[in-house]
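Visitor: Hello! Could you show me how to read the features of a model like this one, step by step?
Guide: Gladly; let us start from the picture.

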Amino acid sequence: MSALTLEDLTVSYDGVAVVHSASIDIAEGESFALVGESGSGKSTILRAITGLATEWTGAMSVFGRPRETLRKSEFARTCQMVFQDPYGSLHPRKTVDAVLSEPLKVHGIGQRSEKVRAALSSVGLDQRFRFRFPHQLSGGQRQRVAIARALMLEPKLMLLDEPTSALDVSVQAEILNLLKRIRAERNLTYLMVTHNLPVVGFMCDRMAVMNKGRIVEIAPATALHDGSFEDDYTRALYAASGGTAHDTEADPA
Ligand SMILES: Nc1ncnc2c1ncn2[C@@H]1O[C@H](COP(=O)(O)OP(=O)(O)OP(=O)(O)O)[C@@H](O)[C@H]1O
């Protein structure tokens with residue numbers, strides 16, 4: 001079963017296309033990376049999937065359903081996104097409890113207190129953080145809250161937009177380990193934007209490489225062992241990242 005299929009997806013802002021004819025098919029349970037330099041269109045693909053970028057042509061489907069047929073609430077229960085910046089993505093005047101309860105309230109789901117407690121422990125946060133505000137948390141703790149919020153509705157597909165790049169190097173590996181564990185525990189599908197190839201080696205099964213709005217190559221993450229890429233741009237990106245074989249079992253940070 002495909003978790004996410006994009007066919008010939010072109011996305012524009014104000015009539016100017018920034019993603020051109022992208023096609024990707026991600027299997028259920030797969031962890032898939034979108035890589036490429038800044039401005040290549042990676043986040044725009046995530047924005048089109050979530051509905052934040054509305055000018056698109058082509059076809060998108062989520063677990064076999066055409067994207068445009070999914071109502072907002074159905075989509076939210078299937079697919080959630082974690083953003084790069086846990087500072088900007090959490091409301092400054094809402095406690096962790098309020099942030100985590102909100103999706104349950106909106107969707108009419110009960111047993112909220114138990115669910116919030118369980119969510120905190122599943123992202124490795126002590127219960128004492130429950131009634132704190134974002135400014136009372138570290139960057140890594142905030143990102144744990146953002147991940148917990150994304151999990152509240154038990155989605156099957158997670159879109160991760162550079163989920164660790166705003167964090168201190170010392171906590172990046174912790175968050176990547178957390179994301180990896182959660183995916184295994186819940187059989188989640190990940191589509192992750194990153195510019196960090198070692199992160200791809202650690203977290204992902206396959207990668208699509210983007211250059212100037214186009215997917216130039218789709219390769220297994222194991223190609224990072226020896227740089228066996230077909231496309232010149234991908235090889236240049238690999239060389240720029242150090243070009244060394246990455247141990248996929250080791251922490252990248
Ligand atoms: N809201 C917007 N309106 C107009 N143009 C935009 C908008 N957002 C992004 N763009 C443009 O679309 C192109 C692709 O941007 P996008 O953010 O998707 O790239 P990216 O690969 O995710 O880069 P980064 O790694 O820097 O986030 C860029 O040229 C960018 O300037």
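Guide: A definition to begin with: a helix here is a DSSP run of H or I with at least four residues, and helices are numbered from the N terminus. Keep in mind too that this is a predicted model.

Visitor: Thanks! What follows α4, and what is its phi?
Guide: Gly 108 comes after α4, and its phi is positive, near 65°. Another helix can be read in this way: Gly 242 follows α9, with a positive phi near 120°.

Visitor: Which residues of helix α4 are buried?
Guide: A residue is called buried if 20 or more other C-beta atoms lie within 10 Å of its own. In helix α4, residues 96-106, that holds for Val 96, Val 99, Leu 100 and Ser 101. Their packing partners are α5 (112-122) and α6 (139-151).

Visitor: And which residues are buried in helix α9?
Guide: Helix α9 spans residues 232-240, and its buried residues are Thr 234, Leu 237 and Tyr 238. Looking down the axis of α9, you find these buried residues within an arc of 100°, so they line one face of the helix. Asp 232, Ala 239 and Ala 240 are exposed on the other side of α9.

Visitor: Now the ligand. Which residues surround it?
Guide: The shell consists of Tyr 13, Val 18, Gly 36, Ser 38, Gly 39, Ser 40, Gly 41, Lys 42, Ser 43, Thr 44 and His 195. By class, two of these are nonpolar, eight polar and one charged. Helix α1, residues 42-50, gives the most to this shell, with three residues.

Visitor: What does UniProt list for residues 4-237?
Guide: The unreviewed UniProt entry lists them as "domain: ABC transporter". In the model, this span is 37% helix and 27% strand, and its end C-alpha atoms lie 26 Å apart.

Visitor: Last, how do I read the confidence values?
Guide: The protein chain has a mean pLDDT of 93, and 96% of its residues reach 70 or more. Over residues 246-250, pLDDT stays under 50, and the model has seven contacts beyond four places in sequence for them. For the complex, the predictor gives an ipTM of 0.95 and a pTM of 0.93.

Terms used: Residues are numbered from 1 along each chain as its sequence is written. This is a predicted model: local features need pLDDT of at least 70, side-chain atom pairs count only at pLDDT 80 or more; totals for chains, interfaces and linings use all residues. UniProt positions are given in the numbering used here, feature names are shortened, and annotations may be inferred rather than shown by experiment. Helices (H or I, at least four residues) and strands (E, at least two) are DSSP runs, numbered from the N terminus. A residue is near a molecule or strand if its C-beta atom, placed from the backbone, lies within 6 Å of it. Ala, Val, Leu, Ile, Met, Phe, Trp, Tyr, Cys and Pro count as nonpolar, Asp, Glu, Lys and Arg as charged, and the others, Gly among them, as polar. pLDDT is the predictor's confidence in each residue, from 0 to 100. Two residues are in contact if their C-beta atoms, placed from the backbone, lie within 7 Å. A residue is buried if 20 or more other C-beta atoms lie within 10 Å of its own, exposed if 12 or fewer, and partly exposed in between; C-beta atoms are placed from the backbone. The arc is that of the directions from the helix axis to the C-beta atoms.
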